[in-house]
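I opened a new notebook page for this structure. The entries below record what I looked up and what came back.

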Amino acid sequence: MAFDADSVKFGRRGLLAGGGALGLTGVLAACGAGDDESGDDAAESQPWEFTDDQPATVKLDRTPAKIVAFTGMAAALYDFGVEVPAVFGPTTNEDGSPTTQAGNLPVADLEVFGNVYGEFDVEAFAAYGPEVLMTHFYYDPATLWYVPEESHDEITSLADVTALNVDDGANTQDQIIARHAELAESLGADLDSEANAANKERYDAAVEALKAAVQANPVKVLACSAAAETFYASNPATGNDLRFFVELGVDLIVPDALDEATGNYYELLSWENADKYQADVLLLDNRVQALQPDALTEFPTWTALPAVQEGQIVGWEAEPMYAYGLAAASIEALATAIQNAKKLV
């Protein structure tokens, strides 16, 4: 769920690794009109059409080369085998390393039009000459993820928009990954390639491992996030990944005093009350804007939590990864944490 001032303000889920990806020629610079075309180049010259979840259908004369995508979506497409040359959203940390949302993207090679929430270089975006802007939305297709509200109209006037719904209140991570696969395939990805087949096999195995872990060791799990002033206890009903984990049998704690003003995504707890929910395992938001365990040692209620004392903490992609290889790594980590957890409460 969203766990910071921006997410509360906008009432959205969050400002809150496995499987390599092969670049496709479908995202390379288009050939000149007079060039001879064969193989993949000929395929690129065919009209491109995709109907998203707004719903809106984008039709272009050829497969787009100048795609600009939200970082998380670009990471998913890359994992399926589609290279996206330009992004906006959390891409690099201060040291230049990829954020968790960047997945396996070659971040040093990307055009980045905004690296934090609310940042979007419209002038550079326009100069780039984008063909399609791709991102997510939560419930409302008029609110595009990481597209600033104040510049929304200008940005969307510069390129066609393709947007996928990552939270309609019922869809799960599994279903959303399938939609990203459809988008990737439309852009030229071979879903039957050796790499994609291996990623899907790993994903399916991870799902089965999580099912087996919760059956063998039914421990209580709290999805949560930490900020300087607030500890957030997440509502599993409002996250597509958490809904999927519940379907698989994970016993996720449901907070009893959800914050209605921000969509019941979570309960806001002061640090004095951070021990309200006792869990065997903490599924802790691992995004760059959330505090991580090494920064939480000064909070007495954190260090006193049984799961913290036992080291039963697992990183949570609070904005899930929507590709089989990337999602598999997160599910594997949760399965291992549950399998090895001691019953504490």
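**Entry 1: the Lys 342 pair**

I began with Glu 310, which is partly exposed at a relative accessible area of 39%. This is a predicted model, so I read every value below as a property of the prediction. I then looked up the partner of Glu 310: its side chain meets that of Lys 342 in a salt bridge, with 3.3 Å from N to O. Where do Lys 342 and Glu 310 lie? Lys 342 is in the segment after helix H11 (324-340), and Glu 310 is in the loop between helix H10 (306-309) and strand S13 (313-316). The pair therefore ties together parts that are 32 residues apart in sequence. Lys 342 has a relative accessibility of 48%, so I logged Lys 342 as partly exposed.

**Entry 2: other salt bridges**

I asked how many salt bridges the rule gives. The count comes to 13 salt bridges.

I looked up Glu 182 next. Glu 182 forms a salt bridge with Arg 179, and the closest N and O atoms are 2.6 Å apart. Both residues belong to helix H6 (residues 173-186), where they are three residues apart, about one turn of the helix.

Arg 179 is at 18%, which is under the 20% cut-off, so Arg 179 counts as buried.

I then checked Lys 276. Lys 276 forms a salt bridge with Glu 267, with the closest N and O atoms 2.7 Å apart. Lys 276 is at 38% relative accessibility and counts as partly exposed. Glu 267 has a relative accessible area of 4%, so Glu 267 is buried.

**Entry 3: helix H3 against helix H6**

I returned to H6 and looked up its crossing with helix H3 (residues 71-80). The two axes come within 9 Å and cross at roughly 65°. H3 and H6 are therefore roughly perpendicular to each other. The crossing of H3 past H6 is right-handed.

Which residues make the contact? From H3 they are Met 73, Ala 76, Leu 77 and Phe 80, and from H6 they are Ile 177, His 180, Ala 181, Leu 183 and Ala 184. I sorted the residues of this contact by type: eight are nonpolar, one is polar and none is charged.

I looked up how covered helix H8 (residues 240-247) is. H8 is mostly covered, with six of its eight residues buried. The buried residues in H8 are Asn 240, Asp 241, Leu 242, Arg 243, Phe 244 and Phe 245. After H8 comes Gly 249, which has a positive phi near 110°.

I then ran the H6 and H8 pair. Their axes come within 7 Å and cross at roughly 125°. That angle makes H6 oblique to H8. On the H6 side the contact is made by Gln 173, Asp 174 and Ile 176, and on the H8 side by Asn 240, Asp 241, Phe 244 and Phe 245. By type, the residues of the H6 and H8 contact divide into three nonpolar, two polar and two charged.

**Entry 4: backbone exceptions**

I kept the backbone check for the end. As background, most residues other than glycine have a negative phi, and most peptide bonds are trans.

Which peptide bond is cis? The bond from Gln 54 to Pro 55 is cis, with omega near -5°. Pro 55 sits in the loop between strand S1 (48-51) and strand S2 (57-60).

I also looked for positive phi in residues other than glycine. Tyr 139 has a phi near 65°. Tyr 139 lies in the loop between strand S6 (132-138) and helix H5 (152-156). With a relative accessibility of 42%, Tyr 139 counts as partly exposed.

Asn 264 also has a positive phi, about 60°. Its place is the loop between strand S10 (251-252) and strand S11 (266-269). Asn 264 is partly exposed, with a relative accessible area of 30%.

Technical notes:
Residues numbered from 1 in each chain as written. Predicted model: local features only at pLDDT ≥ 70, side-chain atom pairs only at ≥ 80, totals over all residues. Heavy atoms only, no water. Salt bridge = Lys/Arg side-chain N within 4 Å of Asp/Glu carboxyl O. Helix = DSSP H or I, 4+ residues; strand = E, 2+ residues; numbered from the N terminus. Buried < 20%, exposed > 50% of the residue type's maximum accessible area, 1.4 Å probe, protein only. Axes fitted to C-alpha atoms, helices over the stretch in contact; angles between N-to-C directions. Parallel < 35°, antiparallel > 145°, perpendicular 65-115°, else oblique. Left-handed = near helix turned anticlockwise from the far one by under 90°. Contact = heavy atoms within 4.5 Å. Nonpolar A, V, L, I, M, F, W, Y, C, P; charged D, E, K, R; others polar.
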